[in-house]
Amino acid sequence: MKRYLPFLIVTVVAVMTVAGATVLYRAKRPTLSVVAKDRSPENPDAMHTLGPADAAVTIDEFGDFQCPPCGMLSEPLNQLAHDFPKLRIIFRNFPLVMHQHANEAALAAEAAGLQGHFWQMHDLLYREQVIWSKATDARGLFYAYASMIKCNVNRFKKDMASEQVGARIRTDQKEGSKLGVINTPTIFINNAAVPPASLNPKDLRAAVEEAMKGSKPTGKK
Amino acid sequence: MERTQTGMSTPSRATLIIYILTACIALVGVADATYLAVLAFTGETAVCGGSEGCFQVLGSAYAKIGRIPVAAFGVTAYFTVFASATFAAFGYRTARKILAITISLMFLYTLWLLSVQAFLLHAFCRYCLVSAAMVFLLTGLLVATPPAPRSSS
């Protein structure tokens, strides 16, 4: 019996490792459904879009302003919008609980959006992410950013605290959760989820080019 | 003293304890590396629990060899250490050699990975640091292992 014991121990551990890895993989694997055709039916105004309404290809992004990979993709996505006139980008807030200032940042972006400066605040928040992410008073910095992009700061402060702005974020989060979004960034191209491994500038550009080849307009708004 | 026979040598009590410790540490390493490998395969590395350093390290080009995450090689290496320590504890002499070679290679590769984090990426990933600690412990145990007795055959 002793002769076979090491084989038995090693086999049991190997089986347990494979089983554990499989269970973990299944738990972590993104199970994303497709974006519904009538996006945000409860609150269509909450959508922030770049590009034409009758775009041939639509990128839907669920993002968190404090998430480093989202920040890394921000500029390449802007570049795509610039390079492809028939591309539309939709941004939705999906602030993750583990990011201390993510929800405040989303509130700031939405509050700026009420004054027509959503995308300027969006870009600024990602550009300055490293700074405000580590700040103790991130809100103070957001007020400064609002001033930089020529928002009315008093109104911005009021809007950040308003129910309307909070509701917009909750709507986005609710929709994301319905679709199976758990991480950020989560990106859909023409309603199909982009695999996490392809969430890099090169693969995204390739995916957009591919979608452009056989595309029909997807715009709804 | 260690009793020896062809291909086998019963380890002394001290050596046996070292092998058991080695196997236990290797199991922790298997768990750590498996977790990282699964994250890499699901793409969750990109998020990495909100830790910026973690994202910088695991999202870097150094975290993969070809298309395979380094963590997957880590799982294989730690499992090899576990299996060879187990067999060595039961007296298999070839397992001792495999154990020594594997731990030495892991030690060298860990030094490389730590220098990449310190000097090239300027960021540290906590999971990688746990793994490095495991490898250093394994190396310490390997150094502390008394040499195998010569075969009597």
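## Sheet of chain A and a helix of chain B

S1(A) and S3(A) pair in the antiparallel sense over three bridges. Pairing requires at least two DSSP bridges between two strands. Strands are DSSP runs (E, at least two residues) and helices are runs of H or I, at least four residues, numbered from the N terminus.

This is a predicted model: local features need pLDDT of at least 70, side-chain atom pairs count only at pLDDT 80 or more, and totals for chains, interfaces and linings use all residues. Residues are numbered from 1 along each chain as its sequence is written, while chains are lettered from A and ligands numbered from 1 in the order in which they are written.

In chain A, five strands make an open, mixed sheet ordered S1-S3-S2-S4-S5. S2 (residues 57-63) and S3 (residues 87-93) of chain A run parallel, joined by seven bridges. S2(A), helix H2 (residues 68-83) of chain A and S3(A) form a right-handed β-α-β unit. Right-handed means that, with the strands pointing away from the viewer, the path from the first strand over the helix to the second runs clockwise.

| Residue | Partner in S3(A) |
|---|---|
| A:His48 | A:Phe91 |
| A:Val57 | A:Leu87 |

Seven of the seven residues of S3(A) are buried (20 or more other C-beta atoms within 10 Å of the residue's own, with C-beta atoms placed from the backbone). A:Leu87, A:Ile89, A:Phe91 and A:Asn93 point one way; A:Arg88, A:Ile90 and A:Arg92 point the other way.

In chain B, 16 of the 20 residues of H3(B) are buried. B:Gly91 follows H3(B), with a positive phi near 100°.

Note on methods. Buried ≥ 20, exposed ≤ 12 C-beta atoms within 10 Å, placed from the backbone.
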